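Look at the sequence and the structure below together.

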Amino acid sequence: QASYVKEPTRYVQITKEEAIAKFIEAHPETEAGYIDARLVWEPLKVTDSPFYPYWEITAGKDKYYVAE
């Protein structure tokens, strides 16, 4: 089964840079040292579908999650 759409579905809703910016905005007290993000998905953690992954933000030794 297939369907036609004019624009393809964009599953990753925000970019890595946008995810890091959202994290910094929500946690301004975070030191500006090591901050990185990677796209992840695990069942029932943040989203229910592997088509909607989320960003795992690493700030120092701590991990945070950003989803759009």
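**The core and its surroundings**

The largest nonpolar core has nine residues in all: Ile14, Ala19, Ile20, Phe23, Ala37, Trp55, Ile57, Ala59 and Val66. A nonpolar core is a set of buried Ala, Val, Leu, Ile, Met, Phe, Trp, Tyr and Cys residues joined through side-chain atoms within 4.5 Å. Buried means under 20% relative accessible area, exposed means over 50%, and partly exposed is in between (1.4 Å probe, protein chains only). This is a predicted model, in which local features need pLDDT of at least 70 and side-chain atom pairs count only at pLDDT 80 or more, while totals for chains, interfaces and linings use all residues. Residues are numbered from 1 along each chain as its sequence is written, and side-chain values use heavy atoms, with hydrogens and water left out.

Helix 1 and strand 2 each supply at least two residues of this core. Helices (H or I, at least four residues) and strands (E, at least two) are DSSP runs, numbered from the N terminus. In helix 1, the buried residues are Ala19, Ile20 and Phe23. Seen down the helix axis, these fall within an arc of 95°, so they line one face of helix 1; the arc is that of the directions from the axis to the C-beta atoms. An α-helix has 3.6 residues a turn, so residues three or four places apart point the same way. The buried residues of helix 1 pack against strand 1 (35-40), strand 2 and strand 3. On the face turned away from the buried side, helix 1 carries the exposed residues Glu17 and Glu25.

Next come the aromatic rings. Rings of Phe, Tyr and Trp (its six-membered ring) pair if their centres lie within 6.5 Å; planes under 30 degrees apart count as stacked, over 60 as edge-to-face and the rest as tilted. By this rule there are two aromatic pairs. Phe23 and Tyr64 form a tilted pair, 4.8 Å centre to centre with 45° between the planes. This pair links Phe23 in helix 1 (residues 16-26) with Tyr64 in strand 3 (residues 62-66), 41 residues apart. Phe23 counts as buried because its relative accessibility is 2%, whereas Tyr64, at 27%, is partly exposed. The ring centres of Tyr54 and Tyr65 are 5.6 Å apart and their planes are at 75°, so this pair is edge-to-face. Tyr54 lies in strand 2 and Tyr65 in strand 3, so the pair ties together parts eleven residues apart in sequence.

Key
Contact = heavy atoms within 4.5 Å.
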